[in-house]
Number of protein chains: 2
Amino acid sequence: MRPDDVLSIGDLAARTGLSVSAIRYYETRGLIEARRSAGRQRRFLRADIRRLSFILIAQQFGLSIDDIAAELTKLPHGRTPGQADWRRISTGMRQLLDDRIAALERTRDRLDGCIGCGCLSLEGCALYNPRDRAGLRGTGPRYVLSSDEPDSDG
Amino acid sequence: MRPDDVLSIGDLAARTGLSVSAIRYYETRGLIEARRSAGRQRRFLRADIRRLSFILIAQQFGLSIDDIAAELTKLPHGRTPGQADWRRISTGMRQLLDDRIAALERTRDRLDGCIGCGCLSLEGCALYNPRDRAGLRGTGPRYVLSSDEPDSDG
DNA sequence: ATGCAACCTCAAGTCAGGTTGAGATCAAGC
DNA sequence: GCTTGATCTCAACCTGACTTGAGGTTGCAT
């Protein structure tokens, strides 16, 4: 039996519901770190359960792996993060969430205008405004989303 | 010069801001159809501008290509869609948008509970409830999202 | 000492939503 | 008739977030 406070990758997978391969992947992306046993097997701490939970939650919010990695650097290094540390991060998330809700509400309001006119045209429709596209999620055609506005009217 | 009411793929790209390759891709996915010139070049109708606008808007709402294709089948076949047709589709979108906003608001409320406790733990945290995961967007670990709930408590 | 599940690494595959490139053909102006 | 830019098809590549598989090692119970 392993000492009470270290977990194998399988233990961690069982506790978080993640797959073993996903955890290994997160390690390669720098989201978690593991010590190694004498035989080079990964050994995790109980605090990593919380770290992985955070990753799952953040993904639901639409954060990319890199975004999450950035958030996680706000946690203390060396010391095991406590409630106050996690609370600080959660508060940042709340802001993010509020922003997303606000963006969707703006979109909805514009859609309401469109329902009235049935337009969905490029010239007339307030919904189809390239200046706001960047704010919303979704892969979308990269060419359009990243380069200059093609239809700056004039 | 081409007759006034047909557009080459380049014309359509210029009018919508989409790339030519994206339009061709949408055609292969069945989102739009094109007639062909004598020399097998694509020829579109003006109504296709609106169709592509709809695709762009729907993508902002997080619909996949297949979702959008499904929406578009609601448009009349053979006849050029009018305002009433587009209005019917927009109304469906409004519903979708409302649902997404509501889901995010629920998440936010739960996050508020979490900020209070700073927990983010699998057992205690209401946020981390696998039963709700499916409703939110994001790729996420497929294994977890698609198979049985790993942590049905008991 | 041995058996076997769990673990290791590394390469390749998957899916969505396109982009990029090669090599060939079309269309329009001069 | 020629040139030049737009289009054509088809195959290969890209990113993100993983999964899958091959082939080899570890670790724990018996």
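## Helices 1 and 2 of chain A

The axes of helix 1 (residues 9-16) of chain A and helix 2 (residues 20-28) of chain A come within 9 Å, crossing at roughly 110°. Helix 1 of chain A and helix 2 of chain A are therefore roughly perpendicular to each other. The model described here is a predicted one.

On the side of helix 1 of chain A, the residues in contact are A:I9, A:G10, A:L12 and A:A13, and they meet A:V20, A:I23 and A:R24 in helix 2 of chain A. By class, this contact of helix 1 with helix 2 of chain A has five nonpolar residues, one polar and one charged.

## Helices 1 and 3 of chain B

In chain B, helix 1 (residues 9-16) and helix 3 (residues 47-60) have axes that come within 10 Å and cross at roughly 50°. The two helices of chain B, helix 1 and helix 3, are therefore oblique to each other. Helix 1 of chain B passes helix 3 of chain B in a right-handed crossing.

The contact brings B:L12, B:R15 and B:T16 of helix 1 of chain B to B:D48, B:I49, B:L52 and B:S53 of helix 3 of chain B. The residues of this contact between helix 1 and helix 3 of chain B divide into three nonpolar, two polar and two charged.

## The two sides of helix 2 of chain B

Helix 2 (residues 20-28) of chain B has the buried residues B:A22, B:I23 and B:Y26. Seen down the axis of helix 2 of chain B, these buried residues fall within an arc of 100°, so they line one face of the helix. An α-helix has 3.6 residues a turn, so residues three or four places apart point the same way.

The face of helix 2 of chain B turned away from its buried side carries the exposed residues B:S21 and B:T28. After helix 2 of chain B comes B:G30, with a positive phi near 85°.

Most residues other than glycine have a negative phi. A:R40 is not a glycine, yet its phi is positive, about 70°. In chain A, A:R40 is found in the loop between strand 2 (35-36) and strand 3 (42-45). A:R40 counts as exposed because it has 6 C-beta neighbours inside 10 Å, and a residue with 12 or fewer is classed as exposed.

In chain B, B:R40 has a positive phi of about 70° although it is not a glycine. B:R40 is found in the loop between strand 2 (35-36) and strand 3 (42-45) of chain B. With 6 other C-beta atoms within 10 Å, B:R40 is exposed.

Note on methods. Residues numbered from 1 in each chain as written. Chains lettered and ligands numbered in written order. Predicted model: local features only at pLDDT ≥ 70, side-chain atom pairs only at ≥ 80, totals over all residues. Buried ≥ 20, exposed ≤ 12 C-beta atoms within 10 Å, placed from the backbone. Helix = DSSP H or I, 4+ residues; strand = E, 2+ residues; numbered from the N terminus. Arc of directions from axis to C-beta. Axes fitted to C-alpha atoms, helices over the stretch in contact; angles between N-to-C directions. Parallel < 35°, antiparallel > 145°, perpendicular 65-115°, else oblique. Left-handed = near helix turned anticlockwise from the far one by under 90°. Contact = placed C-beta atoms within 7 Å. Nonpolar A, V, L, I, M, F, W, Y, C, P; charged D, E, K, R; others polar.
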